Amino acid sequence: MNRAFAFSKRCFKEMIRDPLSYIFCLGFPLVMLVIMSLVNNSIPAESNVTTFRIENLTPAVAIFGQMFVMLFTSLTVSADRSGAFLMRLFATPMTGRDFSLGYILPMLVIAVLQSVITFIAGFIISLIVGSALNIGGMLVTLIVLLPSALMFVAIGFIFGTLFNEKAAPPLSSIIISLGSFMGGIWFDAEKTGGIMLTLCKCTPFFYCTKSARSAMALDFGAENFFIPLLIVTACAALLTAVSAAIFSRKMKA
Amino acid sequence: MFAVEVKELTKKYNDKTAVDGISLQINEGELFSLLGVNGAGKTTTVKVLSCLTDADGGEAFVLGKNCSKEKDAVKALIGISPQETSVAEKLTVRENLRLIAEISGFDKEKCSARVEQTISELGLGEVADSLAKTLSGGWKRKLSIAMALISEPKVLFLDEPTLGLDVLARRELWKVIESLKGRITMILTTHYMEEAQQLSDRIAVMVSGKIKALGTLSELEALTGKQGLEEAFVAIAEGSV
């Protein structure tokens, strides 16, 4: 555990010293929050579009931000693999479990910090537009976002372990596009119906957004909150186990 | 007990045999050089001995511990300075050393003591708080060796430690390596004959995965009838003996 903690400290320090992490993990989600708030301001009230209302937008942008943590995770792991630094560490008593924890823990910390900042920005915007966000809802949502953060970090870890520096980030970008679309971040997926809704429901991204928006609304019903949260938690657990297994296998190879 | 003992070691990558049934023994405190042209099997041998890859045949031991069956025990005994730059670029020199000290399992006090001791022994004081990415090639190599030494290894693998360095930086590193002689067993792979001649107690010449000659410099000179390591190496590598 001490070895995992030492390695996670290294990963965290290297990340916060990389300007790219601020652009990917903080800058872009915050810019989207501001832009979409402006879009919402331009939508006539009678159109009944609620996706960009700050109480729906903030949790969705928090999920969107987590997808960038996935991208950054894949970049970090693939970059480490391309150099000899990991080779040096493979010749120490560090185990696959130490490496997995060492990569995942600091990324989770970054994801939580990113969500906190997103919610602070969302709260400020909500005060400006005159519909203050519920503080209790924000706090519950921050906790509800943990499984999805773990899930995205695990996906990034898998990509970073399996693919090189050139392939891992583009693959993560595909997941970001797919996740934004299927997760209903920029539109209300449930209002689409038909094959589109069925496809959305086949991905965990849909349930990430649904559970986060429900938590924000303090709607803790089974259909809107508990079942989606359960699905996201199960996916996060499965993908984390898979990512650790893949890394350990690669390490031995 | 030998520091390193290799018996009929073989390693294949698909159809290519990188190491072909080599056997050797290295004594404790010895500086042993592995020479060979590119693809001769030097780095593969080091990788097997440092538990980075498994052998396909034969056995390798570090201080009596089996490199395939007792990996954790072997890893606790060795340090490695790989061929490429192998430092955390966005950590400082001190942070890089502390990371390896912590991974080695030292307690907090010992970590701090080892970091300061290693900085002092390797003359890293003036760059201790600089980020690794800002260091010159020579300083990075020095840091790489320091990171291999901080865990107090009994056996140190130096895989082409001076590759790409200018003559002054290379001489500086030789001084560091010479200062460790006798205290730690070192296995050095290099393409620089002058380096092997200057530093080694014994030298093995590898050709196509096999050890073609092994001995002290004077023994290799006597075997080939040539003067100097470079001439002796060329004669052995070209199959003239």
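Helices (H or I, at least four residues) and strands (E, at least two) are taken as DSSP runs, numbered from the N terminus. The structure is a predicted model, in which local features need pLDDT of at least 70 and side-chain atom pairs count only at pLDDT 80 or more, whereas totals for chains, interfaces and linings use all residues. Residues are numbered from 1 along each chain as its sequence is written, chains are lettered from A in the order in which they are written, and side-chain values use heavy atoms, with hydrogens and water left out.

Grid points are joined across faces, edges and corners, and a volume is the space filled by probe spheres set on the points. The largest pocket has a volume of about 500 Å³. Its lining draws at least two residues from each of α3 (54–82), α4 (85–90) and α10 (222–252) of chain A and from α1 (42–49) of chain B. The lining comprises 21 residues, and A:R81, A:G83, A:M87, A:F90 and B:K47 lie nearest the centre. By class, this lining has 10 nonpolar, five polar and six charged residues, where Ala, Val, Leu, Ile, Met, Phe, Trp, Tyr, Cys and Pro count as nonpolar, Asp, Glu, Lys and Arg as charged, and the others, Gly among them, as polar.

The second largest pocket holds about 420 Å³ of space. It is lined by 22 residues, with A:R10, A:E14, A:A79, A:D80 and B:K90 closest to its centre. Two or more lining residues come from α1 (2–16) and from α3 of chain A, and α3(A) gives the largest share, six residues. The lining of the second largest pocket divides into 10 nonpolar, five polar and seven charged residues.

At the interface, 30 residues of chain B are in contact (heavy atoms within 4.5 Å) with 20 residues of chain A. The buried area, that is, the accessible area (1.4 Å probe) that two parts lose on being put together, summed over both, is about 2,200 Å², and carbon and sulfur atoms give 61% of this. On the side of chain B, B:L52, B:K90 and B:I103 lose the most area to chain A, together 29% of what that side buries.

B:E95 and A:K13 pair in a salt bridge at 3.7 Å, N to O. Within chain B, B:K210 and B:D20 form a salt bridge, with the closest N and O atoms 2.8 Å apart. This pair links strand β10 (residues 210–215), which holds B:K210, to strand β2 (residues 16–26), which holds B:D20, across 190 residues.

Conventions. Salt bridge = Lys/Arg side-chain N within 4 Å of Asp/Glu carboxyl O. 1 Å grid on protein atoms, 1.4 Å probe; cavity = no way out; pocket = protein on both sides within 12 Å on 5 of 7 lines; lining within 4 Å.
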